[in-house]
Amino acid sequence: MAEVSGKKLPNNDPASADVTKTIDCHLCDNVTATAYCPSCKMHLCDKCEGHHKKLPTTRAHKLLKGLNMPPVPSIQLSDDDYQENCPDHQKEEIKFFCTKHENLCCVACTVVKHQSCKFDYIPDVSGGFASGEEYKKMISRIEDIERLVAKCQAYITNCKTAVDSLSKDTIEIFRSFKAEIITYLNKREAELLAEIKQRRDEDDAALQNLLAQTQTITTDISEVKTKLTALEGNPDRLFISVKRSHGLVARLQSAVEEIQQKTGYRMYELRKDGNMEAVLYSATGLATLEDIPGNAFKQY
């Protein structure tokens, strides 16, 4: 994980800080840090530590806890740490925005690829960007996704509970019916319970997969928001980061909407076989599990 602009770097000299004072999270404001990552040079609170352990790029990092954490840093990032280099011309700093192609450009880009284009000089247009409409809309979209993710997670959790409840209710009905036709019930019980369990397991597995996807989106969108919020004090980098984040945010929004469309579970009920004589000789006697017509897949 990269260092966040505008935040202090850690100072590993124990004599330079008062160990009786709490250390704030490097990414959150006024939240006490509970761990320190030497690889990323960051103090982390409980929430950020959780994200840190999940991300593929940082989950192998060894964290320091308690008194093993270094003291509060005493130096700030220099102006050089704010520089964003062009991906096509690694030694050139991004300083322009091509309004025609909506590309971030360096001086070399303006000569090689965008000779006839109109450019905005980023230092001239980025002032006050944090209070501008584009940034506000980006934050609003992120917050909308956060709310949608939370809604999906809540409904998925409810669906999981309902799937389990439906399974238990169906089994209860089945076992009540069992008392009426006990002679044949022992044969069909195992078959019906297996089918119920299969449906429950399939629906639960599908819902668990959707829930895992929402958790991944939650982590990704939290990282985007944290990065953008941390860059509010540096308009140049904020401008660049927002431009770069549009595609990712759009993909995350599409992913959430796709999860929303997939979330639900199958409805079924136990239907009793009223012909008791036929039950004794039927391969599918006693009862069968059937989807409810018109409501075979319950969804919000």
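**Starting from helix α6**

Helix α6 covers residues 235-262, and at 1.5 Å a residue its 28 residues should span 40 Å; the end C-alpha atoms lie 39 Å apart, which agrees. The expected span here is 1.5 Å times one less than the number of residues. Helices are DSSP runs of H or I with at least four residues, strands are runs of E with at least two, and both are numbered from the N terminus.

Before going further, a word on what you are looking at. This is a predicted model, in which local features need pLDDT of at least 70 and side-chain atom pairs count only at pLDDT 80 or more, while totals for chains, interfaces and linings use all residues. Residues are numbered from 1 along each chain as its sequence is written, and side-chain values use heavy atoms, with hydrogens and water left out.

Back to α6: the helix bends by about 40° at Ser245, the bend being the angle between axes fitted to the seven residues ending there and the seven starting there. Ser245 is also one of the buried residues of α6, which include Phe239, Val249, Leu252, Val256 and Ile259. Buried means under 20% relative accessible area, exposed over 50%, and partly exposed in between, with a 1.4 Å probe and protein chains only.

Aromatic rings come next: the structure holds 4 aromatic pairs. Rings of Phe, Tyr and Trp (its six-membered ring) pair if their centres lie within 6.5 Å; planes under 30 degrees apart count as stacked, over 60 as edge-to-face and the rest as tilted. The rings of Phe96 and Tyr121 have centres 5.6 Å apart and planes at 45°, so this pair is tilted. Because Phe96 lies in strand β4 (residues 96-98) and Tyr121 in strand β6 (residues 119-121), the pair ties together parts 25 residues apart in sequence. Phe97 and Phe239 make an edge-to-face pair, 5.6 Å centre to centre with 80° between the planes. That pair links strand β4 to helix α6, across 142 residues. Both Phe97 and Phe239 are buried, whereas Tyr121 is partly exposed, with a relative accessible area of 35%. Phe96, Phe119 and Tyr121 form one aromatic cluster.

Now turn to helix α1 (residues 46-54), where Cys48, Glu49, His51 and His52 are buried. Seen down the axis, these buried residues fall within an arc of 160°, so they line one face of α1; the arc is that of the directions from the helix axis to the C-beta atoms. Asp46, Lys47 and Lys54 are exposed on the other side of α1.

Arg199, in helix α5 (residues 182-230), is buried at a relative accessible area of 12%. Leaving aside residues up to four places away in sequence, Arg199 touches Arg266, Tyr268, Leu289 and Asp291, a contact being heavy atoms within 4.5 Å. Phe174 lies in helix α4 (residues 133-180) and is buried at 0% relative accessibility.

Finally, step back to the whole chain. The protein has 7 helices and 10 strands, and 37% of its 300 residues count as buried. The average pLDDT, the predictor's confidence in each residue from 0 to 100, is 80, and 81% of the residues score at least 70. Over residues 1-20 the pLDDT is below 50, though this stretch has 58 contacts in the model beyond near neighbours in sequence.
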